[in-house]
Amino acid sequence: MVFSSLIFLLAFLPLNLICYFFVDSIKARNAILLVFSLIFYAWGEPVFVLVLIGMSFFCWLFSLFVEKNAENNSVKKLFMAFAVVFCIGSIGFFKYGSFVTDNINSLFGSNILSFPETTLPIGISFYTFQLLTYVADVYRGEVPAQKKFSRVLLYAGLFHQCIAGPIVRYGDIENELTERSTNLSSISSGFTRFCCGLAKKAVLANACGAASDVLMVADSSVLDAAALSVLQGRSALTLWAGMAFYMLQIYLDFSAYSDMAIGLGLACGLHYKENFDYPYISSSVTEFWRRWHISLGSFFRDYVYIPLGGNRKGKGRQILNLAIVWALTGLWHGASWNFVLWGLYYFVFLVLEKFVFGKYLAKTRIIKHIYLLAVVYFGWVLFRFTDLSFVETVLKGMFCLNGNPFSSFESTSFISNYVLFLIICIFACTPLVKNISSALNRRAENGGAVLYIVRALDIALPVCLLLISALSLIGDSYNPFLYFRF
C-alpha cells in the first residue's frame with residue numbers, strides 16, 4: 001500500500017484516524033497505530049511483516065542485554081556487535097546476497113557459488129537503520145532501553161515512515177510514544193502538510209516520471225539491447241530533457257513521501273524531523289548533502305564517520321573515512337556498482353571542495369549554483385541506470401557522440417508542450433511557496449483582510465489539493481515511489 005493510492009486515501013487513512021481519535025488513552029492509541037501499521041506493511045507483502053517483527057524483537061532483546069551489562073564494557077560491546085551483525089546480516093541477505101554471489105562468480109569465471117531467489121522486503125533499508133540507531137543509542141547511554149517490545153515494534157513499524165523514511169531516531173520520539181497530545185491546530189497543520197506532499201507526488205512527480213520515461217526509456221530497471229538501441233537514437237535535446245525531468249521527479253517524489261510522513265505524524269502528535277531542505281538551491285555539494293535525505297546523511301555521520309575517527313586522525317585518515325562512508329551511502333541505495341560509483345562520485349567532489357577549490361567556490365555567486373546543479377544533474381545519470389553501458393550511452397548522446405542529432409521534431413514538440421509544467425516543477429523545488437506563506441502569516445498577525453484570506457486558504461487549500469490529487473490518481477497507472485526499491 002502506498003500513500004498515493006485510492007485505497008489508502010479513501011479507506012485505510014480515514015478508518016485509521018476515526019479509530020485513533022475515538023479513544024483517549026495513549027495505550028489504546030498506540031495499539032491502534034501498531035495494528036494499522038502491521039496491516040499497512042503486510043498489505044502487499046504479508047510474509048515479510050514477520051521480518052519486521054523478528055528484527056524488532058531481536059533488537060529489543062539486544063538493547064535490554066546492553067543496558068543490563070552497562071557496567072561490563074566487554075559484554076556490552078559483545079551484545080552491540082551481535083546487534084550490528086544481526087541487522088547488517090539481515091539486510092545483507094535480502095539485499096546484497098545475489099550481488100555478492102554474482103560478483104564472486106564473475107571474478108572467478110565460473111558459477112562456484114549460488115544464492116536462492118529472494119525478494120527484497122519493502123522498507124528494510126529504513127527500518128533496519130532505525131533499529132540499529134536504537135540499539136546504538138542505548139549502548140551509548142543516550143536513551144534507556146524500552147522495556148515493552150510493543151513500543152519498539154511500533155517505533156520501527158509506524159506506517160507513517162516505516163517503508164520510505166525519514167529514518168527516525170528513537171530519542172526523537174521516545175517521550176511521545178508514552179505521552180503526547182494533539183489539538184486542532186496540529187491536526188490541521190499535519191493534514192495540510194500531508195495534502196501538499198500528496199499533490200507534489202500525484203500531480204508533479206508522477207507527471208515528471210512519465211515525461212522522463214517517454215523521453216528516455218520506460219523502465220530503467222529493465223535494460224536490454226533494444227532499450228540501449230532506443231537510447232542511442234535519441235536526440236541530445238531529448239536526453240538532456242529526459243534527465244532534467246528525472247532530476248525533478250526524484251526530488252519531488254522522495255520529498256513528497258517525507259512531507260506526507262511528517263504530516264501524518266504531526267496529526268497524531270508525533271514530531272519527525274525534516275528530511276529535505278530544498279537541496280537544489282544549494283551552492284556546493286557539501287551543502288547539498290546537508291539538505292538532501294537529511295536523516296540518512298546524519299546516520300552515516302553519527303554512526304559510521306565519527307566512530308571511524310572522523311577528521312580527528314589526520315587528513316589521510318579523514319579522506320579514507322569519507323571514501324568508506326560514501327561507498328556505503330551509494331551501496332545503501334541498491335545492490336549494483338552504479339550506486340557505489342554514484343556514492344564515490346560525490347566523495348570526489350566533497351574532497352575537492354574541502355581541500356582544493358572550496359574557498360574559491362565560496363567567493364562566487366551564480367557560478368557556484370550552476371556548478372552544484374551540474375554535479376547533481378550528471379550524478380543522476382549514474383544513479384538512474386544500473387547498467388553502466390547505458391550511462392555511457394546517455395552521456396555520449398548528450399553531446400551528439402552517438403551519431404545522434406542534436407534535436408528532433410518529436411523532442412522539440414514534446415518539450416514545448418511541457419515548458420509551463422517544467423517551470424512549475426522548478427518552482428516547487430524552491431522555498432518560494434513557503435516564503436509566500438510565511439509572509440502572509442506575518443501580515444495576518446495584524447488582522448484585516450489578510451487574516452481572513454489566510455484562514456480561508458488554511459481551510460480550502462488542503463481540500464482542493466486532496467481533490468486534485470485524487471482526480472490525478474484515478475486511472476493513472478504510473479504511480480511508483482522511487483525510493484521503495486532502496
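**Figure 1. Glu274 and Arg193 form a salt bridge.** In this predicted model, the closest N and O atoms of the pair are 2.7 Å apart. Glu274 lies in the loop between α10 and α11 (285-291), while Arg193 lies in helix α8, so the pair ties together parts that are 81 residues apart in sequence. Glu274 is partly exposed, with a relative accessible area of 41%.

**Figure 2. Asp259 also forms a salt bridge with Arg193.** Here the closest N and O atoms are 2.9 Å apart. Asp259 sits in helix α10 (residues 236-267) and Arg193 in helix α8 (residues 184-215), so this pair ties together parts that are 66 residues apart in sequence. Is Asp259 buried or exposed? Asp259 counts as buried, because its relative accessibility is 12% and the cut-off for buried is under 20%. Arg193 counts as partly exposed, at 24% relative accessibility.

**Figure 3. Shared partners build one network.** Which residues does this network join? They are Arg193, Lys200, Asp259 and Glu274, linked by salt bridges that share partners.

**Figure 4. Arg140 and Glu142 meet through their side chains.** The contact is a salt bridge, with an N to O distance of 4.0 Å. Arg140 counts as partly exposed, with 36% relative accessibility.

Note on methods:
Residues are numbered from 1 along each chain as its sequence is written. This is a predicted model: local features need pLDDT of at least 70, side-chain atom pairs count only at pLDDT 80 or more; totals for chains, interfaces and linings use all residues. Side-chain values use heavy atoms; hydrogens and water are left out. Buried means under 20% relative accessible area, exposed over 50%, partly exposed in between (1.4 Å probe, protein chains only). Helices (H or I, at least four residues) and strands (E, at least two) are DSSP runs, numbered from the N terminus.
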